[in-house]
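Keep the sequence and the structure open as you read.

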Amino acid sequence: MKHKVLLTALIIFLGSVSGVISVDTFEKTIANIQTGMYNAAGVFFVDSITVSSLHANYKNADKVSVDVNGQKVSDKIKILIVPGHEPNYGGTEYRNLKERDIVVDIADNLATILRTNPRYEVIVARDKNGWNPILDEYFSREWENILEWKEKYKAEMIRLVGQGLVKIHTEGVEHNSAPNDVARRLYGINKWTVENNVDIALHLHINDNPRSNTRNPGKYSGFTIYVPERQYSNAKATGAVADTVSRRLSKYFATSNLPQESDGIVEDQELVAIGRHNTVDAVSMLIEYGYIYEPQYEEKDIRDLIVKEYALSTYLGIQDFFGAPNAKIDGADSFLLSQKLTHGGPTDILAVQFILAHKGYYPPSGKTKNECGMTGILGPCTLTALQKFQHDQGISDETGRVGEKTQKALYTVTSIQ
Ligand SMILES: [Zn+2]
């Protein structure tokens, strides 16, 4: 569930918007405007990060240089992973599940995979008990400065909006508002990413949908990636990374069927995490991996496997962005493709669902990924897909169950790539 500061009156809203362009750039741009060189809003938000600079940095990320003081400086791509919400509160909950804990599990798995790649330097913002000491110390030390920093850009943005050079986009998905101190920590993270030259910030969340009885599941499912609205400085590069991450996630997972999210990637101007007020230079996206009441989160065994798959798909999406040829781990795009079946329990069913999906049989034809998700539950979706697979393989005596022949066919090595 996302947090942003919701403001009701337009006048207050306008008064709260800010930009992140440097004073130099700002004055240059103003000068250009005054000389009539530019008249479009976009020019104010000079790209803070570009696809080509990221690509170039990735190529050189295995080199270590020495700075003027003789210190070794790594040129790694810096990735900050922010599990959504606070260590001990906030985020959506469903029955015994807490979003703020699930996202830490995704973050830890993602960090582990990213760290297998020597070109990345990975920082995780918090665990289940507290903030990363680096950020904790930063929040204490910078608490007043964070506000001042935000306020400074506010003043600039008021002018831009006032001159009609930046358009306000308020339509879209309504988000819960963040309490002041939570919002300030999010701005603090933004400020920290700017000061520490973070290249990519990934904010991880699990979605929820308002409904009358929150003991029961809601009707929407699937993932969505929130990206900065296109006028922002980090929008283009973020969009490019979000595209490849979304493509990887959508191989196995449903895209949100909430109408406003159905494109899979949604631009947003107001989410603090991805740079409200243009406060982020880095590529910054907020991934809602699914809705908390979806069945795959219910059982711990299944949830743990799903969380790993989310992490792997996210990693592979980032690799795709960098055009890295060795993107696949163990030759597969899912850990479950090589999972050995045991007793036919839920984790086996989940593995069969992934293998069938990989082979194009799941979801069965006529069904969507929202209707037939990766659940570990044996139901009509899995049975229909399995029967079609068995039919195509000429297996007639194991209908509806995974016998020896079916298993052999499922694990045909050549088809897993
Ligand atoms: Zn959230």
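Q: At what angle do the axes of helix α7 and α8 cross?
A: This is a predicted model, where local features need pLDDT of at least 70, side-chain atom pairs count only at pLDDT 80 or more, and totals for chains, interfaces and linings use all residues. Residues are numbered from 1 along each chain as its sequence is written, and side-chain values use heavy atoms, with hydrogens and water left out. Helices (H or I, at least four residues) and strands (E, at least two) are DSSP runs numbered from the N terminus; axes are lines fitted to C-alpha atoms, for helices over the stretch in contact, with angles from 0 to 180 degrees between N-to-C directions. The axes of α7 (residues 235–252) and α8 come within 7 Å, and they cross at roughly 135 degrees.

Q: Which word describes how α7 and α8 lie to each other?
A: Angles under 35 degrees count as roughly parallel, over 145 as roughly antiparallel, 65 to 115 as roughly perpendicular and the rest as oblique. The crossing angle here is roughly 135 degrees. So α7 and α8 are oblique.

Q: Which residues of α7 make the contact with α8?
A: Contact means heavy atoms within 4.5 Å. On the α8 side, the residues include Tyr-310, Ser-313, Gly-317 and Phe-321. On the α7 side they are Ala-240, Val-241, Thr-244, Val-245, Arg-248 and Leu-249.

Q: Is Ser-313 buried or exposed?
A: Ser-313 lies in helix α8. Buried means under 20% relative accessible area, exposed over 50%, partly exposed in between (1.4 Å probe, protein chains only). At 2% relative accessibility, Ser-313 is therefore buried.

Q: How is α3 oriented to α8?
A: The axes of α3 (residues 51–59) and α8 come within 9 Å and cross at roughly 100 degrees. So α3 is, relative to α8, roughly perpendicular.

Q: Is Arg-185 buried or exposed?
A: Arg-185 lies in helix α6 (residues 180–195). Leaving out residues up to four places away in sequence, Arg-185 touches Glu-86, Tyr-89, Trp-131, Phe-139 and Trp-143. Its relative accessibility is 14%, so Arg-185 counts as buried.

Q: Which peptide bond is cis?
A: Most peptide bonds are trans. Pro-363 sits in the loop between α9 (346–358) and α10 (380–392). With omega near 0 degrees, the cis bond runs from Tyr-362 to Pro-363.

Q: What is the relative accessible area of Asn-197?
A: Asn-197 is in the loop between α6 and β9 (200–207). Its phi is positive, near 50 degrees, and the residue is not a glycine. Asn-197 counts as exposed because its relative accessible area is 59%.
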